[in-house]
Amino acid sequence: MKKYILALALLFICHIGFAQNLNSLFDEFGKEPNAECINISPFMMTIGKMFMGNDNDAKLARKFKSIRILDLEACSKNVQERFNKKINAQQIEGYETLVQVNDEGEKVHILAKSKNDVIRELLIVCTGNGDCTLVQLKGKVSKEKIAKLLAKEEMM
């Protein structure tokens, strides 16, 4: 019985550890010169939703309650390389890969943390060719709606 409790405790600690690592990435690199770190709180998202239209994209955007963006494009190459090493070294447990694109040196990974068929968190990581961006979207949206959005983007 002790082994099961210990295994469960270790699993819980690993899950918390990645959340702290993700937060530490925002904290560490958000302080770099020329870094842009944007945090749109649930309160601000509520206010912004009042000004959205009624098209399908606006309906999807309403499903998210907060957004964090870390953009290192204007930072030095040294900072970008450090970010790439850290993000590539991260074990992103608890997230499933929705889309992974490698195109002419640019890598985009879209990951999701979900419960049943509802996505609770999207993580978008863009690296390569001077692009270093990390986007975290929290909310509740169905996998079906995300699939429709991705299919729409592929057609463009």
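1. A polar contact is a pair of N or O atoms within 3.5 Å; within protein, one atom must be able to donate a hydrogen and the other to accept it, and residues adjacent in sequence count only if both atoms are side-chain atoms. In this predicted model, the side chains of Glu96 and Ser114 are joined by a polar contact of 3.1 Å.

2. The model is predicted, so local features need pLDDT of at least 70 and side-chain atom pairs count only at pLDDT 80 or more, while totals for chains, interfaces and linings use all residues. Residues are numbered from 1 along each chain as its sequence is written, and side-chain values use heavy atoms, with hydrogens and water left out.

3. Glu96 lies in strand 3, residues 96-103 (helices, H or I of at least four residues, and strands, E of at least two, are DSSP runs numbered from the N terminus). Its relative accessible area of 32% makes Glu96 partly exposed (buried is under 20%, exposed over 50%, partly exposed in between, with a 1.4 Å probe and protein chains only). Leaving aside residues up to four places away in sequence, Glu96 touches Ile110, Leu111, Ala112, Ser114 and Lys143 (contact means heavy atoms within 4.5 Å). Between the C-alpha atoms of Glu96 and Leu123, 27 residues apart along the chain, the separation is 9.8 Å.

4. The count of salt bridges is 4, a salt bridge being a side-chain nitrogen of Lys or Arg within 4 Å of a carboxyl oxygen of Asp or Glu. One of them pairs Glu28 with Arg82, with closest N and O atoms 3.6 Å apart. Glu28 is in helix 1 (residues 2-30) and Arg82 in helix 4 (residues 77-89), so this pair ties together parts 54 residues apart in sequence. Both ends are partly exposed: Glu28 at 28% relative accessibility and Arg82 at 30%.

5. Glu28 also forms a salt bridge with Lys86, where the closest N and O atoms are 2.8 Å apart. Here too helix 1 meets helix 4, so the pair ties together parts that are 58 residues apart in sequence. Lys86 is partly exposed, at 34% relative accessibility.

6. Arg82 has a further salt bridge, to Glu32, with closest N and O atoms 2.7 Å apart. This pair links distant parts of the chain, 50 residues apart: Arg82 is in helix 4, and Glu32 is in the loop between helix 1 and strand 1 (36-40). Glu32 is buried, with a relative accessible area of 18%. Through shared partners, salt bridges join Glu28, Glu32, Arg82 and Lys86 into one network.
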